[in-house]
Number of protein chains: 2
Amino acid sequence: MSHPQILDFLNLEPEGSTIDDLDTPVPIIDIDVVDRNVRRWQTQCDRRGLANRPHFKTHKLAGLARYQLAAGAKGMTVQKLGEAEVLARAGIKDMLLTFNIVGEAKLVRLAALARSTDIRVVADNAQVVEGIGRAGAMAGREITVLVECDTGGGRNGVQTPSEAAALAQVIAAAPGARFGGLMTYPKPRTREVTRDFFSMARNLIEAVGLETEIVSTGGSVDLWDYSGLDLATEYRAGTYIYGDRYLVAHDACSRQDCALHVLSTIVSRPISDRAIIDAGSKALTSDLLGLTGYGIVPDLNDALVSQISEEHAIIDASETVKIDIGARVRVLPNHVCPVSNLFDRVVFVRGRTVLGSTRVDGRGKVT
Amino acid sequence: MSHPQILDFLNLEPEGSTIDDLDTPVPIIDIDVVDRNVRRWQTQCDRRGLANRPHFKTHKLAGLARYQLAAGAKGMTVQKLGEAEVLARAGIKDMLLTFNIVGEAKLVRLAALARSTDIRVVADNAQVVEGIGRAGAMAGREITVLVECDTGGGRNGVQTPSEAAALAQVIAAAPGARFGGLMTYPKPRTREVTRDFFSMARNLIEAVGLETEIVSTGGSVDLWDYSGLDLATEYRAGTYIYGDRYLVAHDACSRQDCALHVLSTIVSRPISDRAIIDAGSKALTSDLLGLTGYGIVPDLNDALVSQISEEHAIIDASETVKIDIGARVRVLPNHVCPVSNLFDRVVFVRGRTVLGSTRVDGRGKVT
C-alpha cells in the first residue's frame with residue numbers, strides 16, 4: 001500500500017510562484033520538512049507501541065490533521081471545543097479534549113460533539129465530572145473521562161494517586177460519564193515521577209474494581225526519550241510537526257526540522273547594529289519560553305530578534321555585514337503554536353517555491 | 001448641538017442579557033468608561049490646541065473610530081495598510097500610517113488608498129521615500145510623507161536633526177511625494193529630548209526652504225503631561241480608550257478608567273493557592289511590558305495571573321479566600337491592544353448588563 005501523499009490533504013490555493021511574490025509578514029511552511037516530521041514521529045510511536053495523538057493547536061489545519069491520521073495517528077488532541085468542532089466538520093471522530101469543560105454553553109456544545117464523534121474529555125475535579133455527565137445525558141450516551149493528574153507540570157490535575165482514584169470513582173458513579181483512564185501534561189525530563197504517579201494511581205484504581213484503559217502522556221521536549229513510558233498507552237505532541245526555536249534549544253529537533261518560518265521584510269536600518277522588520281508580536285508573539293529574544297533570523301547569520309513591539313521587531317544586526325532595506329528574511333519563532341493562531345492564512349513552500357496557501361481552519365476558535 | 005451618542009456608532013448584535021450568559025474567554029468592554037475616556041482625552045487635546053489622532057490598533061473597531069472622529073478627533077492613526085483599508089471602507093479619509101511601507105504589493109495598495117483617501121505616511125530612509133513616490137505616481141497625486149525621527153524610542157527613525165533635514169529634502173525632491181513634517185514615537189518621560197530634536201530639525205528644514213507643517217508625537221504613558229509639547233501639532237494615542245494594567249502602573253489612568261476586561265471562568269483549583277482560568281496567552285497575550293505576571297483579577301482582590309500557557313492561566317490564589325469552580329472572573333490584561341487582535345468579536349457591556357457584541361473589523365489584517 002502506498003503511503004498517503006501530504007499534498008492530497010491540503011487544498012492549496014494559488015499564491016504566486018516564489019516566496020519573493022508574497023506580501024509580508026506571512027508564515028511559510030516547508031511541506032517536505034512537515035512530511036518528514038510527521039512520518040518520523042509516527043515511526044517512533046509505532047516502534048514504541050504508543051498510540052500517536054497529535055495536538056491540533058500547533059497547525060490548526062484540518063488537512064494536516066487528516067494527513068497525520070492517514071499516516072497512522074490514532075486520533076487528535078484538542079484543547080477547546082472550537083478546535084473539536086473544526087475537526088468534527090472535517091469528519092474526524094477520535095478526539096481527546098485535554099482541558100476541563102466548564103459552563104452551560106460549553107456543555108451543550110460538548111453534547112452535540114458527543115452525538116457525532118467519539119470525543120473523550122478530561123477532568124480534575126468533581127464539579128467538572130458532574131457537568132460532563134449532564135452533557136452525556138443530553139447526548140444520550142456516556143462520555144469517557146480521563147482523570148487529569150498533575151505529575152509535576154503544575155497546572156491542572158489532581159495532586160496525588162489517591163485523589164486520582166477517588167475521582168475515578170466519582171466518574172464511574174456519574175450518570176452520563178464513564179471512567180477511561182489517566183492523563184497528564186508532565187514537566188519535561190521527569191518521566192520517572194510521572195510513571196510512579198501513574199503506577200500508584202492505576203493500582204489504587206484497580207483495587208476499587210475499575211480499569212485504567214488509557215494512560216495518556218505527552219510533551220514535545222521529551223519526544224525522543226524512550227525511558228519511563230512503560231505504562232503509557234498514548235502520546236500527545238504538537239510542536240514536532242513544525243519545530244521551533246524552543247525545541248531546537250532543548251535538543252528535541254534540529255534546525256533542519258523547523259518547517260515554519262515567518263517571512264518578513266527589512267523596513268529600516270536606523271543605525272548599523274539595528275535592523276527593523278515588519279513582523280512584531282502580532283506575528284511572532286511575545287512568548288519567551290525562557291529564551292533570550294523573540295526569534296532568530298537564519299538568513300542573517302542567526303541574528304537575534306532582540307526587541308519586539310506590536311508591528312516592529314528589532315534585529316540585533318551587529319554581526320551581520322549587509323542588510324538591504326526591502327530584503328526578505330525568514331524568522332524562526334520561539335514558539336510556533338501561537339503563531340498559527342495569529343494568521344488567517346499560511347503558505348506552503350518547497351524551499352523558495354510557493355505551492356499555495358490555505359486558510360487556518362482553527363484560528364480564532366477562542367472558546 | 002448635542003454630543004454624538006456612542007451607541008449610535010456601534011452596530012451591536014444581541015448577545016444574552018448579562019455577562020453570566022457569555023461563553024468565556026471573551027473581552028467585555030464597558031461602554032460608559034469608553035465614552036468617558038474618549039471625551040476626556042478630546043477635551044484635553046482641544047485645550048492644548050493639539051489635533052487628536054487616535055490609534056486604531058487598540059480597538060480595531062470602525063465604529064469606535066467613527067465615534068472618536070465625531071467627538072472631535074482630526075483623523076486616525078494606523079500602523080498597517082490592512083487597518084487603513086478597513087477605515088477607508090468605513091468612509092474615513094484622514095489617516096496617518098506610522099510605519100515604513102516597503103515592497104511592491106504594499107505600494108500598489110498604498111496607491112489605491114491614496115486615490116480614495118487623504119492618507120499620509122512616514123519614512124525614515126530614502127528607499128522608502130522612493131517607493132512612496134512611485135505609489136504617488138500610480139495614484140496620480142503627491143502623497144504626503146512625514147520624516148520619522150528616533151528621538152529616544154530606539155525603533156525606526158532618523159537619528160539626528162540633520163538627517164531629518166536631509167530626508168525632508170529627499171522627500172521634497174521625489175516625484176509623487178510631498179514633505180509634510182516630522183513624526184516620532186518618543187520614549188516615555190523624555191518630552192524635552194523630543195522637543196529639542198524637533199526644534200533643531202525644524203530650523204534646519206526651514207533653512208533649506210521647506211515648511212514643517214505637521215509635528216506629530218504620541219504615547220499613552222505621558223498623556224496627561226502638558227510639558228514639552230509646544231512644537232507638537234498633533235498627538236497620537238491608542239490605549240487611552242480602553243486603559244490597561246500597564247497604563248495604571250504608570251499613572252496614566254486609574255483602575256476606574258479601564259474599560260476592557262477578559263471575562264474568564266475558573267476551571268480548576270488543584271491546590272489552595274493555585275486557581276486556573278480558561279484564558280491563556282491566546283486571550284491575554286504573553287506581553288509583560290516590564291510588569292510581573294500577565295494580568296490581575298479585580299474580582300479576586302487583584303490576585304495576580306502569575307503563569308500563562310496557551311489556554312490556561314494560573315491565578316495566585318494565596319490571598320483569596322474562596323474561589324468556586326465555574327465562577328466568572330474578569331482579568332485586567334497587561335496590554336490591551338494585542339487582546340483586541342486575538343478575538344473575532346468583542347462584547348459591550350454596561351456594568352454586568354450586556355448591550356451586544358460586534359465584529360473586530362481590523363483583526364487579522366496582518367499586512
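# Questions and answers

Q: Is A:Asp302 buried or exposed?
A: A residue counts as buried if 20 or more other C-beta atoms, placed from the backbone, lie within 10 Å of its own, as exposed if 12 or fewer do, and as partly exposed in between. A:Asp302 has 12 other C-beta atoms within 10 Å, so it is exposed.

Q: What kind of model is this?
A: Residues are numbered from 1 along each chain as its sequence is written, while chains are lettered from A and ligands numbered from 1 in the order in which they are written. Local features need pLDDT of at least 70, side-chain atom pairs count only at pLDDT 80 or more, and totals for chains, interfaces and linings use all residues, since this is a predicted model.

Q: What is the phi of A:Asp302, and where does the residue lie?
A: The residue sits in the loop between strands S12 (295-297) and S13 (303-308) of chain A; strands (E, at least two residues) and helices (H or I, at least four) are DSSP runs, numbered from the N terminus. Most residues other than glycine have a negative phi. A:Asp302 is not a glycine, yet its phi is positive, at about 60 degrees.

Q: Is B:Thr285 buried or exposed?
A: B:Thr285 lies in the loop between H9 and strand S12 (295-297) of chain B, and its phi is near 70 degrees, a positive value in a residue other than glycine. With 28 other C-beta atoms within 10 Å, B:Thr285 is buried.

Q: Which element gives the largest share of the side of chain B that touches chain A?
A: In the interface, 48 residues of chain B are in contact with 47 of chain A, contact being C-beta atoms, placed from the backbone, within 7 Å. The chain B side divides into 16 nonpolar (Ala, Val, Leu, Ile, Met, Phe, Trp, Tyr, Cys, Pro), 12 charged (Asp, Glu, Lys, Arg) and 20 polar residues (the others, Gly among them). The largest share, 5 residues, comes from S10(B).

Q: How many of the residues of H2(B) are buried?
A: Helix H2 (residues 62-70) of chain B is largely enclosed by the rest of the structure. Its cover includes helix H1 (31-48), strand S3 (76-78), helix H3 (81-89) and strand S17 (353-359) of chain B. Among its buried residues are B:Arg66 and B:Tyr67.

Q: At what angle do H4(A) and H5(A) pack?
A: A:Leu107 and A:Ala111 are among the residues of H4(A) that meet H5(A). H4(A) and H5(A) are oblique to each other, an angle being roughly parallel under 35 degrees, roughly antiparallel over 145, roughly perpendicular from 65 to 115, and oblique otherwise. With their axes 8 Å apart, the packing angle is about 50 degrees.

Methods. Two residues are in contact if their C-beta atoms, placed from the backbone, lie within 7 Å. Axes are lines fitted to C-alpha atoms, for helices over the stretch in contact, and angles run from 0 to 180 degrees between N-to-C directions.
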